[in-house]
Amino acid sequence: MNIKPVVGIVMGSESDFEVMKKAGDMLGKFKIPYEIDVISAHRSPKLVVKYAEEAIRNELKVIIAGAGKAAHLAGVIAAHTTIPVIGVPISSDDLKGMDALFSMVQMPAGVPVATMGLGSSGAKNAAILAAEILSLSDTKIFDKLLNYRTVLEEEVLAASERVKKASAEKK
Ligand code: RP5
């Protein structure tokens, strides 16, 4: 997208991309322009501080940060900006994401990170939450969110029909 990004998606490693691209896909559905990058709280800490400090000047409205293991990326960004930060904990083989979840959700009072659930669902929800924040001052996004909820309901109704039909066929 050529339009100026209003959401920044960052991740701690390229290995997070498979999950974090789901956030980008969801923002794309809402036609919300975003930028996406890899910056690491541990491996490139100066870049993280620079990103966070320049975020307001770059007119970002929400930052989505995904990381695994000792997941400090979202918290460090939140420490350097007042833009809302949404964290996505990413699962790893060792502790199955509990490490990332606890690192992110246990922010000390004063510096919030809106922590999502683990993995792909968390990445999608991060994008939807970003859209909800933006919708407070953008009626087009507000309408798209309402439409999205309608689609969700239609999908449940369709699933309901399929399950009832499959169950009736077994009787
Ligand atoms: C974290 O460590 C990253 O966010 C990633 O989830 C995890 C492992 O990184 P790699 O070793 O795969 O680069 O900083």
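Read along the sequence, the protein chain runs β-α-β-α-β-α-β-α-β-α-α. That pattern holds six helices and five strands. The model is predicted. Along the principal axes, the C-alpha atoms fill a box of roughly 65 × 40 × 30 Å. A ligand takes up the space of the largest pocket. A second pocket draws on helices α1, α5 and α6 for its lining.

**Ligand surroundings**

- The residues around the ligand are G12, S13, S15, D16, R43, A67 and G68.
- By class, this shell has four polar residues, two charged residues and one nonpolar residue.
- S13 places a polar side-chain atom 2.6 Å from an oxygen atom of the ligand.
- For D16, a polar side-chain atom also lies 2.6 Å from a ligand oxygen atom.
- S15 has a polar side-chain atom 2.7 Å from an oxygen atom of the ligand.
- Taken alone, the ligand exposes 360 Å², and the protein buries 72% of that.

**Largest pocket**

- Which pocket does the ligand's space correspond to? The ligand takes the space of the largest pocket.
- The volume of the largest pocket is about 360 Å³.
- Its lining counts 18 residues.
- Nearest the centre of the largest pocket lie S13, D16, R43, G68 and K69.
- Of these, S13, D16, R43 and G68 also belong to the ligand's surroundings.
- The lining of the largest pocket divides into nine polar, six nonpolar and three charged residues.

**Second largest pocket**

- The second largest pocket holds about 290 Å³ of space.
- Its lining is made up of 15 residues.
- M26, K29, F30, I128 and Y148 lie nearest the centre of the second largest pocket.
- Which helices each supply at least two residues of this lining? They are α1 (17-29), α5 (119-135) and α6 (139-170).
- By class, the lining of the second largest pocket has seven charged, six nonpolar and two polar residues.

**The two linings side by side**

- Six nonpolar residues line the largest pocket, and six nonpolar residues line the second largest pocket.
- Nine polar residues line the largest pocket, whereas the second largest pocket has two.
- Three charged residues line the largest pocket, whereas the second largest pocket has seven.

Note on methods:
Residues numbered from 1 in each chain as written. Predicted model: local features only at pLDDT ≥ 70, side-chain atom pairs only at ≥ 80, totals over all residues. Heavy atoms only, no water. Near = heavy atom within 4 Å. Polar contact = N/O pair within 3.5 Å; in protein donor to acceptor, adjacent residues only side chain to side chain. Areas by Shrake-Rupley, 256 points an atom, 1.4 Å probe, with all protein chains shown as cover. 1 Å grid on protein atoms, 1.4 Å probe; cavity = no way out; pocket = protein on both sides within 12 Å on 5 of 7 lines; lining within 4 Å. Sits in = over half its atoms within 2 Å of the grid points. Nonpolar A, V, L, I, M, F, W, Y, C, P; charged D, E, K, R; others polar. Points joined across faces, edges and corners; volume = space filled by probe spheres on them. Helix = DSSP H or I, 4+ residues; strand = E, 2+ residues; numbered from the N terminus.
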